[in-house]
Amino acid sequence: MKAFIFAVIFAGVVAVGAASVLQDSFQQPSYSAYTTEGARVGEPGANLYAY
């Protein structure tokens, strides 16, 4: 039982650490990540206006 609790706590710590590293270092918005000739994204959210 102790090993299972330790494994759950360890998995939680690893998940929080990985999310923190990915959020701060590697992720960026799609309008800045896909700035090539094939995917031109103008103003983000411009196509979501209700007319």
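Predicted model: local features only at pLDDT ≥ 70, side-chain atom pairs only at ≥ 80, totals over all residues.
Partly exposed means a relative accessible area between the under 20% of buried residues and the over 50% of exposed ones.

View 1. The chain holds 51 residues, and 0% of them count as buried. Its accessible surface comes to about 4900 Å². Carbon and sulfur atoms account for 65% of that surface.

**View 2. Ile5 sits in helix α1.** This helix covers residues 2-26. Ile5 has a relative accessible area of 42%, so the residue is partly exposed. The value falls between the 20% and 50% cut-offs.

**View 3. Ile5 belongs to a nonpolar surface patch.**

**View 4. Phe6 and Phe10 form a stacked pair.** A search of the whole structure finds 1 aromatic pair. The ring centres of Phe6 and Phe10 lie 6.3 Å apart, and their planes meet at 20°, so the pair counts as stacked. The cut-off for stacking is under 30 degrees.

**View 5. Phe6 and Phe10 share helix α1.** They are 4 residues apart there, so about one helical turn separates them. Both Phe6 and Phe10 are exposed.

How values were computed
Residues numbered from 1 in each chain as written. Heavy atoms only, no water. Patch = residues over 30% accessible without salt bridge, like charges linked within 9 Å, V, L, I, M, F, W, Y side chains within 5 Å. Areas by Shrake-Rupley, 256 points an atom, 1.4 Å probe, with all protein chains shown as cover. Salt bridge = Lys/Arg side-chain N within 4 Å of Asp/Glu carboxyl O. Helix = DSSP H or I, 4+ residues; strand = E, 2+ residues; numbered from the N terminus. Buried < 20%, exposed > 50% of the residue type's maximum accessible area, 1.4 Å probe, protein only. Phe/Tyr/Trp six-rings, centres within 6.5 Å; stacked < 30°, edge-to-face > 60°.
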